Amino acid sequence: MDEDAEKALATHEQELRRGTVVFASLVACRRPQYGYSLLTTLTEAGIPTEANTLYPLLRRLEKQGLLSAVWNTEQARPRKYYTVTDSGAEVAAALHTHWLDLDSSITKLWKDGTP
Amino acid sequence: MTVLTGIYIDNVIRHLPEGSRSDIAAEITATISDMIDDRLGEDPQPSPEHTAAVEREVLEELGDPAVLSREYSNSPQHFIGPKSYPLFLWTLRWILPIVGLIALLDNIVVTFATTPQAHLGEAIGPAIGNTVTALLTAFAVITILIGLGDRRVDDDALPRVPGRQKVPWTIDDLDRRDIRGRQTRAEAALGLVFILALAAIPFIPTTLLYVGHLNRGGTFINPDLGTGWLVGYWAFLALLAAVEIVRFVTASTRPTVAIIGGIIDVAMAVFLTAAMLTQPVFHPELTSASGAEVQQVITVIAIWIIVVWDQVSTWRVIRGWR
């Protein structure tokens with residue numbers, strides 16, 4: 001792969017990842033997660049995400065009403081826990097359906113196009 | 001929290017809205033602490049040097065605080081966004097030509113009306129300067145107003161402009177106006193203006209361009225030039241004007257019209273070359289005897305450069321439309 005193709009790949013991968021991280025965060029927050037635990041969960045699940053992208057994203061999802069956030073001050077270190085809301089769960093379910101549809105479509109397309 | 005982390009967090013939150021600062025600061029602080037702890041691992045008593053190195057590593061991973069701050073603010077990082085850009089372009093396209101034309105005409109009229117013996121050069125200089133100033137001012141005003149509006153209005157409040165649709169686009173919205181025809185008409189109109197200006201050259205007094213003292217306000221053309229040459233000159237211009245009128249009326253982009261125009265163009269260039277190389281066409285008092293010949297040769301070269309350029313650009317346009 002030449003340098004231009006690598007640059008193009010990096011751009012497209014970034015675009016692909018951007019949408020994926022939103023979906024993955026909603027799925028992972030079905031149980032309460034604080035920022036760093038979510039970061040670790042996503043990384044371990046094979047969806048590496050940069051911290052400086054994830055934290056602002058969590059706030060945006062909270063503003064959109066897809067996540068709710070609560071500060072837990074009972075532990076030694078206060079942490080903000082994010083949990084998916086009812087509407088967030090609906091969005092996640094819809095995204096999951098789309099994801100599966102896309103997966104089968106791409107798989108079919110790939111098979112059809114394979115000589 | 002160390003001094004370094006404190007400074008980093010201050011840099012992140014200082015441009016954020018007051019109400020969200022403490023919340024974001026607390027969250028980043030907790031994150032940085034978690035990341036540092038995770039990297040220090042099970043080491044119960046890490047050395048201060050190692051801790052400081054890990055802290056630097058974590059902060060560098062979080063990246064430029066200004067970028068992180070922008071991510072948090074989620075506010076537009078542009079002055080005129082895609083929401084207002086079509087309106088911005090549409091306004092520039094309509095307002096700037098009008099402002100430019102009014103400023104130019106206004107300055108020329110004022111100069112000729114207020115100066116007893118006005119020269120063309122005297123009017124052109126200030127007119128161009130003032131027109132540029134007027135255009136820049138109009139551009140700045142339009143940009144500022146639409147930029148401020150971009151931050152205040154929602155989609156429904158924006159006026160409808162071409163290319164901006166509130167309802168889903170249908171084929172009925174297609175702009176069916178003849179763009180090529182309009183372009184041809186505009187070029188033909190400009191061509192007619194240029195031909196009129198060329199036709200007026202034999203009558204333009206030298207006083208208009210600061211050289212009136214050389215031949216006591218006569219014309220630029222040699223008064224002894226045979227009438228036949230002048231008639232021929234105007235006849236060629238009349239033919240060119242006829243072609244432009246045909247193009248204007250029919251909005252024709254057919255190659256035939258372009259070929260006829262090209263033939264007349266070349267024939268006129270041959271005619272002018274013959275005129276220039278056989279006699280003094282310019283007024284003899286405007287140039288020294290030794291320089292007159294060189295001046296006429298330079299003029300011939302200029303004529304042919306213009307003709308060749310005109311032919312090439314015409315054919316490129318026609319080829320592009322096929």
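**Exercise 1.** Find how many residues of chain A are in contact with chain B, and which elements of chain A supply them.

*Solution.* Count two residues as in contact if their C-beta atoms, placed from the backbone, lie within 7 Å. On this test, 13 residues of chain A are in contact with 15 residues of chain B. This is a predicted model, in which local features need pLDDT of at least 70, side-chain atom pairs count only at pLDDT 80 or more, and totals for chains, interfaces and linings use all residues. Residues are numbered from 1 along each chain as its sequence is written, and chains are lettered from A in the order in which they are written.

Next, assign elements, taken as DSSP runs numbered from the N terminus: helices are H or I with at least four residues, strands E with at least two. Two or more residues come from each of α2 (35–44), α3 (51–63) and β3 (79–84) of chain A. α3(A) gives the most, with seven residues.

**Exercise 2.** Identify what covers the buried residues of α2(B).

*Solution.* A residue is buried if 20 or more other C-beta atoms, placed from the backbone, lie within 10 Å of its own. Among those of α2(B) are I24(B), E27(B) and M35(B). The cover includes α2, α3 and β3 of chain A, together with α1 (3–13), α3 (48–62) and α4 (65–73) of chain B.

Terms used. Buried ≥ 20, exposed ≤ 12 C-beta atoms within 10 Å, placed from the backbone.
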